[in-house]
Amino acid sequence: MSDYDFDLFTIGAGSGGVRASRVASAHGAKVAVAEEYRVGGTCVIRGCVPKKMLVYGAHFAEDLEDAKQFGWDLGETSFDWERLRDTVLGDVDRLSKLYTETLENHDVTVFEERAEITGDHEITLASGKVVTAKYILIATGAEPAVLDFPGSEHAITSNEAFHLPEVPKRIMIAGGGYIANEFAGIFHEFGAKVCIVNRSDTLLRGYDQALSDRLLKISMTKGINFHFNTTFKSITKNDDGSLHVELNGDDDQTVDCVLFATGRSPNVEGLGLDVAGVEQGRIGEILVDEYSKTNVDHIYAVGDVTNRVQLTPVAIREGQAFADTVFNNDPRTVSYDHIPSAVFSHPPISAVGLTEGEARNQLGNIRVYQSDFRPMKNVVAGRNERGLYKMIVDAATDKVVGIHMIGPDSPEIMQGFAVAVKAGLTKADFDATVAIHPTMAEELVLLK
Ligand code: FAD
């Protein structure tokens with residue numbers, strides 16, 4: 001008999017916490033998980049999933065326009081935000097229930113309340129209930145970083161964006177990362193006048209420069225405005241509900257909504273990390289070793305709270321590896337090389353491996369192949385929007401070390417090619433593969 005109430009207590013039922021809890025239980029552990037908001041976590045409730053549904057909804061704006069050139073007369077079209085919003089939120093409810101059921105079917109005890117560490121092996125729930133566990137897993141994720149200046153309380157974050165009563169006529173989005181660019185695309189397609197305010201002149205840090213430049217060009221052509229090297233001075237609410245925004249380095253603006261997409265901070269507030277003696281890094285992230293173990297032997301952490309790579313599939317793998325290591329005596333680590341990623345902008349970007357700049361720094365002698373083309377569908381539609389595919393090859397070994405794409409469906413195309421890059425295939429292997437014609441993806445096996 002264990003001396004503890006549970007073998008594992010997981011704090012946070014998001015991507016990492018749900019996977020770890022379910023698998024640990026399948027390995028025979030007695031598991032409980034606490035969730036203070038909704039089971040499913042950021043990805044399911046207010047991240048990847050509802051965001052992607054809005055991206056699909058938004059894309060119809062262009063599809064309906066392009067349809068004319070393909071012979072379709074559709075008459076007058078209109079867009080009903082409330083209908084899409086409620087459909088999306090309905091599906092989020094369905095998924096959250098499914099996640100709860102999955103946990104329960106795996107005999108995981110679910111506490112739908114906040115939890116904090118209050119002693120050695122001890123957790124206290126918001127209701128006052130105290131439980132003990134042999135191992136504690138912190139999987140509390142991250143929360144939107146909010147800027148602090150006079151009137152900043154008038155701004156919203158991505159959390160609120162999914163619940164807006166209407167599409168703002170004018171929206172200002174702060175930030176230059178993937179979430180900022182995705183929401184810029186979404187709201188633009190829904191008819192809002194969108195501007196992005198970014199404190200530097202870099203968009204999509206970490207992505208190949210040629211792709212972010214291309215997205216910037218396309219976004220500007222579509223009518224999205226960008227204010228670079230600009231920061232916020234203040235926001236004042238006008239009598240009609242609109243917001244007067246004073247900027248440093250640019251003219252004042254009047255908008256209906258300001259959305260902060262300025263990064264995500266590890267969710268560690270009030271968790272009891274000091275009580276537990278868990279070491280944290282510069283921005284509060286929980287420091288862990290390659291097995292996701294903190295400096296305290298029985299406390300582990302996975303997912304965004306560790307600020308390694310803030311993506312759902314990574315959190316899931318970390319949760320799985322933790323459960324296999326601790327509860328199945330099968331020590332496993334996660335490989336952080338060649339993690340593919342996407343920006344669901346309009347058009348989307350996808351990437352795997354080294355950018356041209358990184359490859360030059362790390363490898364010196366590289367070959368860069370590029371295809372700058374107008375997708376067939378855009379040609380027929382009369383849409384003057386070009387795709388750009390880049391392949392980076394290590395000249396010494398002929399290995400493909402990076403692929404970067406912007407263009408329709410590029411994340412769908414990337415998933416398969418990421419396998420090839422992860423497997424260390426060479427440019428010669430790509431060349432030896434017969435193209436599927438006519439596709440956009442064939443560009444990657446035809447690069448000269
Ligand atoms: P989370 O999923 O955030 O789960 C943490 C959970 O812990 C939350 O439910 C929270 O309520 C709970 N919690 C926190 N503190 C406590 C406490 N003290 N007690 C009880 N419960 C607590 N990733 C992708 O891979 N692809 C995408 O397209 C993508 N799009 C995104 C779009 C947006 C707008 C956002 C915000 C994120 C997006 N992400 C995307 C990132 C992805 O959502 C996260 O990387 C992922 O959810 C991290 O999983 P996690 O388990 O670490 O944390």
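This is a predicted model: local features need pLDDT of at least 70, side-chain atom pairs count only at pLDDT 80 or more; totals for chains, interfaces and linings use all residues.
Residues are numbered from 1 along each chain as its sequence is written, and side-chain values use heavy atoms, with hydrogens and water left out.

**View 1. The second largest pocket lies between domain 1 and domain 3.** Domain 1 (6-143 + 265-327) and domain 3 (341-445) both give residues to the lining, so the pocket lies between them. Domain bounds here come from an automatic or database domain assignment. The volume of the second largest pocket is about 670 Å³. Among the 33 lining residues, look for H59, K377, P408, D409 and M440, which are the closest to the centre of this pocket. Two or more lining residues come from each of helix 3 (48-67), helix 11 (376-381) and helix 12 (410-422), and helix 3 gives the largest share, 8 residues. By type, the lining of the second largest pocket has 15 nonpolar, 5 polar and 13 charged residues. (On a 1 Å grid over the protein atoms alone, a pocket is an open set of points with protein on both sides within 12 Å along at least five of seven lines, a cavity is a set of points where a 1.4 Å probe fits but cannot get out, and lining residues have an atom within 4 Å of a point. Points are joined across faces, edges and corners, and a volume is the space filled by probe spheres set on them. Ala, Val, Leu, Ile, Met, Phe, Trp, Tyr, Cys and Pro count as nonpolar, Asp, Glu, Lys and Arg as charged, and the others, Gly among them, as polar. Helices are DSSP runs of H or I with at least four residues, strands are runs of E with at least two, and both are numbered from the N terminus.)

**View 2. Domain 1 meets domain 3.** Besides these two, the protein has domain 2 (152-262). The C-alpha centres of domain 1 and domain 3 are 31 Å apart. Across this pair, 12 residues of domain 1 are in contact with 8 residues of domain 3, where contact means heavy atoms within 4.5 Å.

**View 3. Two hairpins link strand 4, strand 5 and strand 6.** Strand 4 (residues 115-119) and strand 5 (residues 122-125) pair in the antiparallel sense over 4 bridges; strands count as paired if DSSP finds at least two bridges between them. A115 has L125 of strand 5 as its bridge partner. This hairpin has 2 residues between the strands, and H121 takes a positive phi near 60°. Follow the chain onwards and strand 5 pairs with strand 6 (residues 130-138), again in the antiparallel sense, over 3 bridges. Here E122 has T132 of strand 6 as its bridge partner. The hairpin of strand 5 and strand 6 has 4 residues between them, with G128 in the turn at a positive phi of about 100°.

View 4. T100, in helix 4 (residues 81-105), is buried, with a relative accessible area of 13% (buried means under 20%, exposed over 50%, partly exposed in between, with a 1.4 Å probe and protein chains only). Not counting residues up to four places away in sequence, T100 touches V39 and E112. V110 sits in strand 3 (residues 109-111) and, leaving aside neighbours within four places, is in contact with V33, V39, L103 and E104. V110 and A34 are 76 residues apart in sequence, yet 6.0 Å apart in space, C-alpha to C-alpha.

View 5. The structure holds 3 cavities of 30 Å³ or more. The largest cavity contains about 60 Å³ of space, and its lining includes N181, F226, S345 and H346. Helix 6 (178-189) and helix 7 (209-222) each give two or more residues to that lining, which divides into 5 nonpolar, 5 polar and 1 charged. The second largest cavity holds about 40 Å³, and among the residues lining it are Y291, R308, E318 and Y336.
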